[in-house]
Amino acid sequence: MPVTVLLVDDEPLVRAGLRAVLEAQPDIEVVGEAADGAAVIPLVRQLRPDVVAMDVRMPLLDGIEATRAVLRTVEEPPKILVVTTFENDEYVYEALRAGADGFLLKRARPAEIVHAVRLVAEGESLLFPASVRQLAAQYGEEGCNRAARVAMERAQLTEREAEVLRLMARGLSNAEIAARLIVGTETVKSHVSAVLAKLGARDRTQAVIAAYESGVVAPG
């Protein structure tokens, strides 16, 4: 089954460029387009895409609020990949904190765009871990850090779960973590699931942000 994608951007040329790149792949299908975040929820419910590639800045409803709305109202929501001009944009960090699964630069090469969509759809590795670290260092507020520390303490991760979280934050996939810890991939998946459940995180991106904001993993 191909990975199905919904494109959301107020610039027709951006949508056309993304469509051309993605539809050149046999395992990816663009199932729809929208020009603003306000149109996302009905299209997601109608088309049931695996991934929404969504501009972070739009005139009516931006990518941050659209992400929150989708995750709040859609049962079994799609993965959300925010599309941005600048990777160190505070809007990007807020979108990730709101529940987006990763971000993609508009100037990215075609191979990078395809890789980002596939990686987010699979959900077994962190997209652009170095950039996530940089964003956490730049925009993680003190108040958020205190709240994150409390949440991390309440999660009561085991020593092995904390180790898996640190490796996730470095961008390692489940298979790479398994090789590092000399355990089976299914064991790693179980640890990842436990970490997400204890932290109340939607996916590994939100878990990793919590790790940085709480100080369990140091940015940089």
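Trainee: In what sense do β3 and strand β4 pair, and over how many bridges?

Mentor: Bearing in mind that this is a predicted model, β3 and β4 (residues 79-84) pair in the parallel sense, over five bridges. The chain passes from β3 to β4 through helix α3 (residues 63-73), in a β-α-β crossover that is right-handed.

Trainee: What makes β3 a mostly covered strand?

Mentor: The term buried requires a relative accessible area under 20%, and five of the five residues of β3 (residues 51-55) are buried. Val-51, Ala-53 and Asp-55 point one way from the strand while Val-52 and Met-54 point the other way, and all are buried.

Trainee: Why is β4 called largely enclosed by the rest of the structure?

Mentor: That description is given because five of the six residues of β4 are buried.

Trainee: What is the order of the strands in the open sheet, and why are β2 and β5 said to stand at its edges?

Mentor: Five strands form the open sheet in the order β2-β1-β3-β4-β5, with parallel pairing. β2 (28-34) and β5 (102-105) each have a single partner strand, so one side of each is left without a neighbour in the sheet. The twist from one strand to the next averages 25°. As for the partner of β2, six bridges join β1 to β2, which run parallel, and Thr-4 stands opposite Glu-29 in β2.

Trainee: Which helices pack on the sheet next to β1 and β2, and how are they directed?

Mentor: α1 packs on the sheet and touches β1, β2 and β5, its direction making about 165° with that of β2. Helix α2 (residues 40-47) packs on the sheet as well, touching β1, β2 and β3, and its direction makes about 160° with that of β1. Angles over 145 degrees count as roughly antiparallel, a range that takes in both the 165° of α1 with β2 and the 160° of α2 with β1.

Trainee: Why are α1 and α5 called roughly perpendicular?

Mentor: Helix α1 (residues 12-23) and helix α5 (residues 110-122) pack at an angle of about 75°, with their axes 9 Å apart. The range for the term is 65 to 115 degrees, and α1 and α5 are therefore roughly perpendicular to each other. The contact is made by Leu-18, Val-21 and Leu-22 of α1 together with Pro-110, Ile-113, Val-114 and Val-117 of α5, and by class it holds seven nonpolar, no polar and no charged residues.

Trainee: What decides the corresponding label for Ser-131?

Mentor: Ser-131, which lies in helix α6 (residues 129-139), has a relative accessible area of 12% and is therefore buried, the limit being under 20%. Leaving aside neighbours within four places in sequence, Ser-131 is in contact with Glu-87 and Phe-103.

Trainee: What makes α9 and α10 roughly perpendicular?

Mentor: Helix α9 (residues 174-181) and helix α10 (residues 185-199) pack at about 110°, with their axes 8 Å apart, and since roughly perpendicular covers 65 to 115 degrees, the term applies to α9 and α10. The residues of their contact divide into five nonpolar, two polar and one charged.

Technical notes
Residues are numbered from 1 along each chain as its sequence is written. This is a predicted model: local features need pLDDT of at least 70, side-chain atom pairs count only at pLDDT 80 or more; totals for chains, interfaces and linings use all residues. Side-chain values use heavy atoms; hydrogens and water are left out. Buried means under 20% relative accessible area, exposed over 50%, partly exposed in between (1.4 Å probe, protein chains only). Helices (H or I, at least four residues) and strands (E, at least two) are DSSP runs, numbered from the N terminus. Two strands pair if DSSP finds at least two bridges between them. A crossover is right-handed if, with the strands pointing away from the viewer, the path from the first strand over the helix to the second runs clockwise. Axes are lines fitted to C-alpha atoms, for helices over the stretch in contact, and angles run from 0 to 180 degrees between N-to-C directions. Angles under 35 degrees count as roughly parallel, over 145 as roughly antiparallel, 65 to 115 as roughly perpendicular and the rest as oblique. Contact means heavy atoms within 4.5 Å. Ala, Val, Leu, Ile, Met, Phe, Trp, Tyr, Cys and Pro count as nonpolar, Asp, Glu, Lys and Arg as charged, and the others, Gly among them, as polar.
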